[in-house]
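Subject: Structure for you to look at, with notes

Dear colleague,

Here is the structure I wanted to hand over to you, with the sequence alongside. Please open it first, and then read the notes below with the model in view.

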Amino acid sequence: RGAWGIVDIDDVCAGAEFLVAQGLADPKRLAIDGGSAGGFTTLGALAFKDTFTAGCSLYGVADLTALAADTHKFESRYLDGLVGRYPEDKAIYQERAPIRSVDTLSCPILLLQGAEDKVVPPNQAEEMRRAARCFLGGRREAVPTLERTRRRFRWIASSRHKALLAK
């Protein structure tokens, strides 16, 4: 409770490092991907740790403060248990937001986002792209916007195909 953006990132990094230690993975070829909350973990692992060499965030959360303000009513208080009460704990939201640590990104990142996503608004990917471009010289990120696509790219086969090609 209240540790989202800490324990999940530590967990995926520990898992990847374990695989490397066991000789089951090449540390120079470790990649991470995830969608929504997993996209947040992906972005956080890339921004706050140096375990992975590439990543793909599918409709991932980049800015917790913006999500607290922009998400639909059904999930509007969901973050209270995961991070803390907003706006009382705004400093925690800012500290854990991957978008605020793009200066530490050192590997390629692909951001995939549905243009009609109502849970994680498309501005999350767009703002992450803008922020990352400042530090990565525009060469290490991409944001294909999948038109007429909502959550998890289920709605249109062409969007799913476009996402797979981008990956």
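In these notes a residue is called buried if its relative accessible area is under 20%, exposed if over 50% and partly exposed in between, computed with a 1.4 Å probe on protein chains only. Helices (H or I, at least four residues) and strands (E, at least two) are DSSP runs, numbered from the N terminus. This is a predicted model, in which local features need pLDDT of at least 70 and side-chain atom pairs count only at pLDDT 80 or more, while totals for chains, interfaces and linings use all residues. Residues are numbered from 1 along each chain as its sequence is written, and side-chain values use heavy atoms, with hydrogens and water left out.

The chain as a whole

The protein chain has seven helices and five strands, and read from the N terminus these follow the order α-β-α-β-α-α-α-β-α-β-β-α. Of the 167 residues in the protein chain, 47% are buried. Taking a contact to mean heavy atoms within 4.5 Å, one finds that 66% of the contacts between residues at least 6 apart in sequence join residues at least 24 apart.

Helix α1

The buried residues of α1 (residues 7-21) are D8, I9, C13 and A16. Seen down the helix axis, with directions taken from the axis to the C-beta atoms, these buried residues fall within an arc of 130 degrees, so they line one face of α1. On the face turned away from that buried side, α1 carries the exposed residues V7, D11 and A21. Just after α1, G23 takes a positive phi of about 75 degrees.

What covers the buried residues of α1 includes α2. Two packed helices are described by the angle between their axes and the distance between the axes. The axes here are lines fitted to C-alpha atoms over the stretch in contact, and angles run from 0 to 180 degrees between N-to-C directions. The axes of α1 and α2 (residues 37-48) come within 9 Å and cross at roughly 75 degrees. Angles under 35 degrees count as roughly parallel, over 145 as roughly antiparallel, 65 to 115 as roughly perpendicular and the rest as oblique, and α1 and α2 are therefore roughly perpendicular to each other. On the α1 side the contact is made by D8, I9, V12 and C13, and on the α2 side by F40, T41, G44, A45 and F48. These residues divide into six nonpolar, two polar and one charged, where Ala, Val, Leu, Ile, Met, Phe, Trp, Tyr, Cys and Pro count as nonpolar, Asp, Glu, Lys and Arg as charged, and the others, Gly among them, as polar.

Helix α2 and L46

Helix α2 is mostly covered, with nine of its twelve residues buried, namely G39, F40, T41, T42, L43, G44, A45, L46 and A47. Within α2, L46 is buried with a relative accessible area of 3%. Leaving aside neighbours within four places in sequence, L46 is in contact with I32, F52, A54, G55, T104, L105, C107 and I109. The C-alpha atoms of L46 and C13 are separated by 9.9 Å, although these residues are 33 apart along the chain.

Loops and a further buried site

Some backbone details deserve a look. S36, in the loop between β1 (31-35) and α2, has a positive phi of about 60 degrees although it is not a glycine, and S36 is buried at 12% relative accessible area. Y59, in the loop between β2 (54-58) and α3 (64-70), likewise has a positive phi, near 45 degrees, and counts as buried at 8% relative accessibility. The peptide bond from Y86 to P87 is cis, with omega near 15 degrees, and P87 lies in the loop between α4 (79-82) and α5 (90-96).

Finally, A132 lies in helix α6 (residues 123-136) and counts as buried at 1% relative accessibility. The C-alpha atoms of A132 and L105, 27 residues apart along the chain, are separated by 7.7 Å.

With best wishes
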